[in-house]
Amino acid sequence: MVDTTDYDRDVEIHWCPGCGNYPALKLLKETLVEEDIAPKNAVIVTGIGQAGKFSHFIDGNMINGLHGRYLSNALAIKASNPKLQVFAISGDGCTFSEGGNHFLHTIRYNPSIVNIVHNNAVYGLTKGQASPTSELGVKTGVQTLGVYNTPFNPIAVAIAQNASFVARAFVGHVEQTKEVLKKAIAHHGYALIDLFSPCVSFNRINTYQWYRENTYYLEDDYSPFDQKEAIGRALERGKLPLGIFYINERPTYEENIQIYKNDSRPLWQRELSKEKLTSLINSFR
Amino acid sequence: MTIEFKDSISIVLCGAAGQGIATVETLLTSALKKSGLHVFSTQEFMSRVRGGTNSTTIRVSTNRVQSFCERIDILVPFTREAVSHVKARLSSNSCIIGDKKLFQDNVDAQSCIMIDVNYESVAEEIGHRVYSNSVAVGVLAGILGAEREYITGLLTDRFQSKGEKIVSNNIDAVTRGYKLADEIKASDQLPSLPSFSTQPSVGSELFLSGRDAVAIGAIAGGCNYVTFYPMAPSTGVGAFLAKNRLEFGIVTDQTEDEISAINKAFGAWYAGARALVTTSGGGFALMTEGLSLAGITEMPIVIHLAQRPGPATGLPTKTEQGDLELALYSGHGDFPRVLYAPGTLKEAFSLTQQAFNVADRYQVPVIILTDHYFINTRYNLPSLDEEKTQVERYIIETEREYTRYQFTDDGVSPRGIPGKGEGFIRVDSHTHTQDSQITEDPIIRKNMVDKRFKKLELLRGSAIKPTLVGNPESEILIISWGSTFHNVNDAVLELRNKGYSVAYLHFSQVYPIPKSVEIYFKNAKKRIVVENNATGQFASLLNLEVGIQIDKQVLKYTGYPFSLEELVKELKKEVQ
């Protein structure tokens, strides 16, 4: 059994007091313990940004890599050793801006990884510039007359790309978010959780209060298996829906690459066959 | 000074993309090799799928032949443009064998011996002009003395899936070609060509390309993950591994872009795989951020960088050694790395194999530099000595208290992977402590940088020595690196045979270079570097690394490789 303290790490946490990342960290650790995932069987891969620091504040295997590239690291870990539980965690800037291409294509590959994107609609680490999810008109020290680029809609994009699991959650709702996270972990394939996580220092609009007032949960009888219906809900801009928008289970990347079909050993446990090598070389004689 | 080609014949096939020149080349060279003759071939082509003008040079000899010459003994043109495309390489000894409509009125053909053979009309008699390439194979094989049974066997393998009729028509076409060759030989139209003697041992030698050697070397190095975004001339290595992926258990990933390619290779090594990235200069440029990540996290990584002329899109299907400095200085920040540049096919195999062991052992990026010419050149060789290679693994089983960046005497911290042992594998792109926590402490920062550079000194100490050919007391020393080996070596040999006091020094590890290589330079009165680039990048590096001053640079940056004749001519000016 995994102990409640197994994921604790005795280090100073660098986030601002009140940051949405604190409840996010707490609920992730609790979920991992409740799901009995041992730290040695999990890898947390993060990018750069305030959410990118996540991996430093939780014990276990981790990569804190480059801005935007964490999904590529995560996918290859899963493909090299499908037995590992891989969590790819970063922010909206890292995932949708710097890593936009990797986001689009990781959806296509469909590796069995859980991708949590802390979405606070602002750049925290670099002190308050607009993010790809900032609303039109939001003024910052750089976007002095207000944002005029159309906000990126990760949920709609992921559903349009036929992502195999697409959900939105809010860190202020701990129990509901843990439920979504548990479903994402159980899901066979790529699972996106767009996680509303307020930035208390640089985003004075999208506060905890704002998210409470401007979100609602998809109905109990909502069926997440219809892509067109899901897109429709993803495009709602009044009150924002929370919950699981779309599920489309299909073969995963690890399955499609075939090499684990008859041999489940991870790559590091395999040896080169010298006979096969010699036979390959002799085919050039 | 003219070179006498006493023991070899040079054949050039020239035509448009899509006409099947590569098929003729493959069938002819394989059959000649199997018949017991030494064979070399290299391709020069345009960046288009159809049309344009491409050429393949094939050299056949009783003795080993591994270099590129300009001279043409036999030209087989497939288009009207062909003769003019290679006009600089033609002489009164060159013999054009083909449909006279393609060249009889061409001014560039007038000094040559012209033999009219209409491959297409013979093919049509068999049933379709699609068989003209097989007729051409028959004519050339007949003239050169390849045994017909080998071609028959190759054709059967190649066309079996298309049905018996196609196989037998192709065999008929080749047979007709042989008959035409007999008629040509009987007619006395051919210039006097060297006569060959075959050796059965050559027939069973390996016949492979630079692409094959790199890819097989990767497999022998235990490569089980390859990532790439298609880009000439590097794609062939990825395609080779993809073709063999199920046999050897290799994850083969054509990624969304090169940035993803290197970050996936990074993730794969982290999880215990042995990953290769194959790319060219433009793609590598995009990977430099990932290279830097490997630098600070001390992640092994192996990159095959097949160079082509830049900047930017440059000449996509031509050759150059222009990315040495890119490979050397790429990636922000200071960190150690290793650069290999094989000169022979055997070295391409062994260095690529070794790259995986060195990367794993020292936890540094290892880059293998080849180029278009090297990748697309083929010759026979006795063996790769694969039984002498070993997949060396340096992954440890971790304890619970494991720290990834433990300080050690030699700077190498034992590397664990997730799932092997009880420790946690924590890897961080920031400056970090021994247990991978972010830090801004100036003392730790300095110690971590120093730790990484201790490894550079280890790598320098164990660097592969350059190859010296000739007398170390020679007055003149010619220096080159990477793919130019055979061409320069043959040119230097030619000069030595003419009585010049010349030695040749070739580097297949171009970084780091140990100070001890000074010894090779000490007797030479004149040092000449030969490079396929515009600025003499290796000459600069030698000066920086070892303090060696180069007296003269012979540089070429037209997009084409150095030929034997051109090197003899250029070097002779310098050795007078």
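Buried means under 20% relative accessible area, exposed means over 50%, and partly exposed lies in between, with a 1.4 Å probe and protein chains only. Keep that in mind for what follows.

The model is predicted: local features need pLDDT of at least 70, side-chain atom pairs count only at pLDDT 80 or more, and totals for chains, interfaces and linings use all residues. Residues are numbered from 1 along each chain as its sequence is written, chains are lettered from A and ligands numbered from 1 in the order in which they are written, and side-chain values use heavy atoms, with hydrogens and water left out.

Start with chain A. It has 10 helices and 8 strands. Helices (H or I, at least four residues) and strands (E, at least two) are DSSP runs, numbered from the N terminus. The radius of gyration of chain A is 20 Å, close to the 19 Å from the globule rule for 285 residues, so chain A is as compact as a globular protein of that length. That radius is taken over C-alpha atoms, and the rule is 2.2 Å times the number of residues to the power 0.38. Along the principal axes, the C-alpha atoms of chain A fill a box of roughly 70 × 45 × 40 Å.

How much of chain A is buried? Buried residues make up 58% of its 285 residues. Now contacts, meaning heavy atoms within 4.5 Å. Take those in chain A between residues at least 6 apart in sequence: 71% join residues at least 24 apart.

Next, one loop of chain A. A:C199 sits between strand 6 (191–196) and helix 7 (208–213). At 9% relative accessibility, A:C199 counts as buried. Setting aside neighbours within four places in sequence, A:C199 is in contact with A:N120 and A:V122. How far is A:C199 from A:Y260? They are 61 residues apart in sequence and 42 Å apart in space, C-alpha to C-alpha.

Now backbone angles. Most residues other than glycine have a negative phi, and most peptide bonds are trans. A:D36 is not a glycine, yet has a positive phi of about 60°. A:D36 lies in the loop between helix 1 (21–34) and strand 1 (42–46). It is partly exposed, at 37% relative accessible area. A:N162, also not a glycine, has a positive phi of about 65°. A:N162 is in the loop between helix 5 (154–160) and strand 5 (165–170). At 28% relative accessibility, A:N162 is partly exposed.

Over to chain B, and its cis bonds. Which residues does a cis peptide bond with omega of about -5° join? B:G310 and B:P311. B:P311 is in the loop between strand 11 (301–307) and helix 13 (324–329). The bond from B:Y511 to B:P512 is cis too, with omega near -10°. B:P512 lies in the loop between strand 19 (509–511) and helix 18 (518–521).

Two helices of chain B to finish. B:N169 lies in helix 6 (residues 164–186). Is B:N169 buried or exposed? Buried, at 9% relative accessibility. Not counting residues up to four places away in sequence, B:N169 touches B:I126 and B:Y131.

Last, helix 14 (residues 345–362) of chain B. At 1.5 Å a residue, its 18 residues should span 26 Å, and its end C-alpha atoms are 25 Å apart, which agrees. The expected span is 1.5 Å times one less than the number of residues. Of the 18 residues, 14 are buried, so helix 14 is largely enclosed by the rest of the structure. B:Q363 follows helix 14, with a positive phi near 60°.
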